Amino acid sequence: DRNGELLATTLPFYDLCANPKLIKNENKKILAKSIAMVLYNESEEKIYKKLNNINRSFVYLKRLISPKEWNAIVRLEEPGIFRLKRYSRHYPHQKLASHIIGGVNIDNQGIIGIEKNFDKILKDKNFINNNGQIQLSIDIRIQKILDDHLSRTIKKHDASGGAGIILNIKQSEILAMISLPQFNPNEIHKISKENGFNKPTLGVYELGSLFKPLTAAIALDKDILTEDTVFDARKPLIEGKFTIHDYKPKKRKLKFSECILYSSNICLAQVGNKIGEKNMKEYYEKMKLTSKPEIELPEIAEPILPNIWRKINLMTMSYGHGIAISPLQYVNAINSVINGGKFRYSTLIKNKNDNENLSLRVISEDTSKRVRKLLREVVRNKEGSGDNAEIEGYSIAGKTGTAIKNKKNRYIKDETITSFVGFFPSYDPKFLVFIMVDNPKPIKETFYYATGGTVAAPTVKKIINEIIPKLRVEPEA
């Protein structure tokens, strides 16, 4: 990891083998029984069948045996049984960061994650002779904090899973990234489709209100509105056969700053309409929302966008419905909006971005500052949807998201994706924390709400509280 903690290495292992031609037939039954008593999970019948295979001079009895098992086998004093040394990958942190690190098959070929992406480099003789290390940008201590808190939230709300990303904004380096449930790369043969799926990079989701800051950035940057522009949110908006509601309607006219504070779909739909297709496409392309993101992993998803951008699409995309992207893609986009207005892909490699130019300007520095102020209010103001993320002494800014799940082009009313993106300090962002919880259930403690504000925001608060000392962020005067 970034601090030199070992995440993956190669160690010698031993396999138990036999030459059936060297073993006397009358000994095979007793031998099979004795070996089965030593080896965990290996049946006597299976071992006997292998020992009785007289056409073979080599069979594997068990891949990967422990020193304790081998010492017991030695005591059987059978020269036809021997062990074979091989080298295999070992992951000291077990499940932690498994979707980033990935894993190898029995032949030591990288099949997922960083292991697959850097397979050739890791096996290159010149690379091995020159120190032979790949240093990731992740901090395994911060990975553990993200894992602990997100796991607890998923368990507490009986959710189906979740994802999280912690980013160093100045370098665009990922300090932690998680997909739950996880897998143990030391037991890659047990990996299931669900556990192996990397939600932050391979999953695409409609993230709902998390899109509102992106829409605000476009509208402010294009001088389509100001923070004081008034929108009518007195009643739901009807567009053709669609009706656009607010989750907690204010039933009055709202200034644009209030539209963000109260997370009003009705207002943002009107803003999307004002922005128009040409402007929205231009900014979505700059934010890299229309193309596949780049990162040092093979598991990357394409975003899902409408084929034709009708008026209703512009309206719904403005508040995060009708467009599905990966959490990684969202983090890249929101980072470009809050970091002063420039786009740079996030990386999993330490110091990779040091020499890279922040060349692509998405929005002006002034627009970036104005968006940050709006998002600071969402957390600071008691009426804001993100007030559960407020931490005394730290100016946290952020946005909640609660999106109805879309399965096979149908919205499932009682299933949601809840999320929160938080960053700090709001006036000069250094760190960003994003979490997403898949279909959390309402509980008594949250007054039977299961929204971004009640599920995800408090979790981000706990994560930030715990990572602050590790990142050495001083409280503000």
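**An enclosed helix and its nonpolar surroundings**

Helix α11 (residues 212-221) is largely enclosed by the rest of the structure, because nine of its 10 residues are buried. Buried here denotes under 20% relative accessible area, exposed over 50%, and partly exposed the range in between, with a 1.4 Å probe and protein chains only. Helices (H or I, at least four residues) and strands (E, at least two) are DSSP runs, numbered from the N terminus. The model is a predicted one, in which local features need pLDDT of at least 70 and side-chain atom pairs count only at pLDDT 80 or more, while totals for chains, interfaces and linings use all residues. Residues are numbered from 1 along each chain as its sequence is written, and side-chain values use heavy atoms, with hydrogens and water left out.

The buried residues of α11 are K212, P213, L214, T215, A216, A217, I218, A219 and L220. They pack against the helices α12 (256-261), α13, α15 and α16 (365-380) and against strand β14 (397-407), a contact being defined by heavy atoms within 4.5 Å. After α11 comes D223, which has a positive phi, near 55°.

L214 also belongs to the largest nonpolar core, which holds 85 residues; together with I174, F256, Y284, Y330, L348 and L432, L214 is among the members that touch the most others. Such a core is a set of buried Ala, Val, Leu, Ile, Met, Phe, Trp, Tyr and Cys residues joined through side-chain atoms within 4.5 Å. The greatest contribution to this core, nine residues, comes from helix α13 (residues 265-286). Apart from this core lies another, of 33 residues, including A389, Y394, V433 and I467. With residues up to four places away in sequence not counted, Y284 touches F211, I218, L289, T290, W309, M317 and I323.

Aromatic pairs were assigned to rings of Phe, Tyr and Trp (its six-membered ring) with centres within 6.5 Å; planes under 30 degrees apart count as stacked, over 60 as edge-to-face and the rest as tilted. Ring pairs join Y330 and F434 with F211, Y284 and W309 in a cluster.

F447 is located in the loop between β16 (431-438) and α17 (452-471) and counts as exposed, at 67% relative accessibility.

Overall, the protein comprises 17 helices and 16 strands, and 54% of its 477 residues count as buried. Its C-alpha atoms fill a box of roughly 95 × 45 × 45 Å along the principal axes. Of the contacts with a separation of 6 or more, 69% are accounted for by residues 24 or more positions apart.
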